[in-house]
Amino acid sequence: MTEPIIDVHDLRREFTVRSPAGRLRRTRTVVPAVDGLTFALETGSATGYIGANGAGKSTTIKMLTGILVPTSGTVRTCELDPVRRRKVLARRIGVVFGQRTQLWWDLPLRESFRTLAAIHRLEDRAWQARRDELVDRLDLGTFLDTPVRQLSLGQRIRGEIAAALLHSPRLLILDEPTIGLDVLSKERLRVFLSEQRDLHGTTLLLTTHDMDDVQRLTERIIVVDHGRMAYDGTLPGLAARVGAERVMVLDLVDPVASLEGVPGTRVVAVESDGLRHRLAFGPEQTTAGAILEAVGTRGQVRDLTIEEPDIEDVVRRLYRAHSYHDHQQQARRS
Amino acid sequence: MGERTRAYRVLVGSRLRSQLAYRRSFAMDLLGSGAIGLLEFAEVYVIFANIDVLGELDFAAAALLFALANIGFSLADTVIGHVDQLPTYLRQGTLDAFLLRPLPVLAQLVTSDVSLRRLGRTALAGAILVVSLLMNDIDWTAAHVALLVIAVLSGTAIFAALFVCAAAVQFWLVEGAEFANAFTYGGAYAAQYPASIFSVPMRVLFTFVVPSAFTAYLPVLVLLDLEGPAGLPQWLGWCTPLAAVGIWAVALGGWRAGLRHYTGAGS
């Protein structure tokens with residue numbers, strides 16, 4: 001067995017929050033951001049790291065990359081202690097923060113690549129070939145000489161990803177890479193990332209709010225909630241575990257006011273003046289066949305599709321199952 | 001060696017190019033920086049229009065003091081002055097980006113900017129230096145020439161170290177820019193006046209805590225062969241490099257501790 005590319009054991013990170021209490025006194029509260037995480041990622045794998053805002057995703061990434069020291073527990077990234085071997089690790093990993101730039105705002109990408117190559121001490125011929133590949137695959141050619149500050153968000157993110165991959169890292173960590181991108185840009189980015197993985201065996205770890213990213217790019221997901229592991233496994237496994245609902249979309253020949261009362265289902269929406277109905281159902285309550293039969297007694301079904309569970313909903317359900325913070329979920333909603 | 005410094009040369013080169021890209025705006029900045037220096041020199045001139053001697057220095061000696069202090073400060077400010085903007089770097093996540101690159105963080109911070117416009121002040125101070133050297137009666141021995149060169153280099157190093165100290169402090173003080181400026185700009189201001197006019201506690205502060213008296217006043221005592229005030233004997237003027245080494249040790253220690261505090265390794 002080779003050592004996993006990321007190996008985290010009982011990882012914990014606390015922050016001390018000072019808040020005023022009275023005129024002079026201040027209270028110190030220790031807040032755990034990451035609270036006892038244990039997991040390992042194999043080389044070449046692709047993993048989605050998911051959780052609500054403040055669940056501990058960014059803190060974990062900072063500990064994996066050597067920006068932040070754990071309060072306790074161990075981290076090994078690319079067989080290294082990230083903080084102590086920060087500079088060596090920097091040559092083996094690429095990191096992209098979707099909301100922060102790592103490029104030089106006043107330099108065009110062409111110059112940024114040249115500077116990064118010098119920083120990583122890359123051989124001229126090797127990095128130039130790599131740059132050409134990235135420029136081609138990410139379609140950077142048209143804005144290679146434009147200063148970064150003048151690029152659109154989509155262009156900038158592509159530039160950031162190229163910059164993170166220039167030194168051919170074994171591990172690529174992406175923190176919210178598709179945030180704010182339009183559908184087409186997202187799609188192109190996903191195609192590119194899977195391609196890199198196939199071509200170079202790059203290990204991927206990405207945090208995201210976009211569930212399509214997870215579905216399309218990763219084969220494993222880790223869900224964190226309040227710094228703790230809430231789920232570790234495959235996406236279908238997660239849906240099955242929380243009993244996530246699928247949605248049957250029924251198009252009827254003649255309009256029907258409502259399909260309320262079909263056993264084991266819940267009406268999600270009635271559209272097109274009663275011509276289209278959305279019924280949610282759980283795998284344990286009923287089957288698609290039974291629903292179809294029950295609906296058939298009320299009207300003729302012209303067409304139907306079944307939508308798989310929305311992963312955000314799945315995660316929400318998983319959080320709710322973590323009963324100890326039920327009240328916080330409700331507080332957020334009200 | 002060449003391979004090692006290549007990254008920094010490329011980094012600094014890109015900074016220089018981006019500043020020179022807008023020539024007219026750069027020229028204005030340069031002029032502005034010189035003008036501020038001129039204004040401060042006017043202050044010295046006004047004082048000596050009213051009195052003949054201040055702290056045992058006459059106008060010519062005071063001009064020499066002003067020139068040495070300002071050359072050192074403006075050179076340090078040009079090369080490293082931006083490091084006291086650390087909170088901005090922290091807020092923008094630039095420091096995290098530095099931590100993700102295979103180079104020392106302080107070296108990246110220093111090479112992330114060069115403020116060439118501040119050379120306007122260096123040019124002014126250089127001109128005043130030449131004039132004041134002619135105005136003063138200096139015994140031009142080899143030792144005195146060497147002292148002058150050492151004073152300029154060490155003075156620059158001392159002010160640079162003060163900037164690093166100011167940056168390090170701001171790992172703890174989130175809005176500590178004003179506090180930090182008290183030592184950098186305050187030290188530079190104190191450096192251009194004879195330390196003998198300060199009360200003893202201030203004199204000690206600006207000699208042995210913030211060693212700005214070493215950047216100009218003490219070397220001037222040696223060059224003009226003047227007796228120092230109580231507690232500051234003339235021979236201290238030869239110790240400028242030692243003061244530079246001392247304050248750099250403090251600066252690097254402080255920076256290391258600050259960075260450890262930032263990464264949460266304990267402070």
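This is a predicted model: local features need pLDDT of at least 70, side-chain atom pairs count only at pLDDT 80 or more; totals for chains, interfaces and linings use all residues.

Residues are numbered from 1 along each chain as its sequence is written, while chains are lettered from A and ligands numbered from 1 in the order written.

For residues 6-251 of chain A, an unreviewed UniProt entry gives the feature "domain: ABC transporter" (such annotations may be inferred rather than shown by experiment, with feature names shortened and positions in the numbering used here). Strand E10 (residues 246-252) of chain A pairs antiparallel with E12 (residues 276-281) of chain A over six bridges (pairing takes at least two DSSP bridges), and there Val247(A) faces Ala280(A). E10(A) also runs antiparallel to E13 (residues 301-307) of chain A, again with six bridges, and Leu250(A) stands opposite Leu304(A).

Now to chain B itself. It has 12 helices and zero strands. Its radius of gyration is 19 Å, close to the 18 Å of the globule rule for 267 residues, so chain B is as compact as a globular protein of that length (the radius is over C-alpha atoms; the rule is 2.2 Å times the number of residues to the power 0.38). Along its principal axes, the C-alpha trace of chain B spans about 55 × 45 × 35 Å.

Inside chain B, helices H8 (residues 142-169) and H9 (residues 177-191) pack at about 170° with axes 8 Å apart (axes are lines fitted to C-alpha atoms over the stretch in contact; angles run from 0 to 180 degrees between N-to-C directions). H8(B) and H9(B) are therefore roughly antiparallel (under 35 degrees is roughly parallel, over 145 roughly antiparallel, 65 to 115 roughly perpendicular, the rest oblique). Residues of H8(B) including Phe159(B) and Val169(B) take part in meeting a set in H9(B) that includes Phe179(B) and Gly187(B) (contact: C-beta atoms, placed from the backbone, within 7 Å).

Finally, 18 residues of chain B are in contact with 24 residues of chain A. On chain B's side, the largest share, seven residues, comes from H1(B).

Conventions. Two residues are in contact if their C-beta atoms, placed from the backbone, lie within 7 Å. Helices (H or I, at least four residues) and strands (E, at least two) are DSSP runs, numbered from the N terminus.
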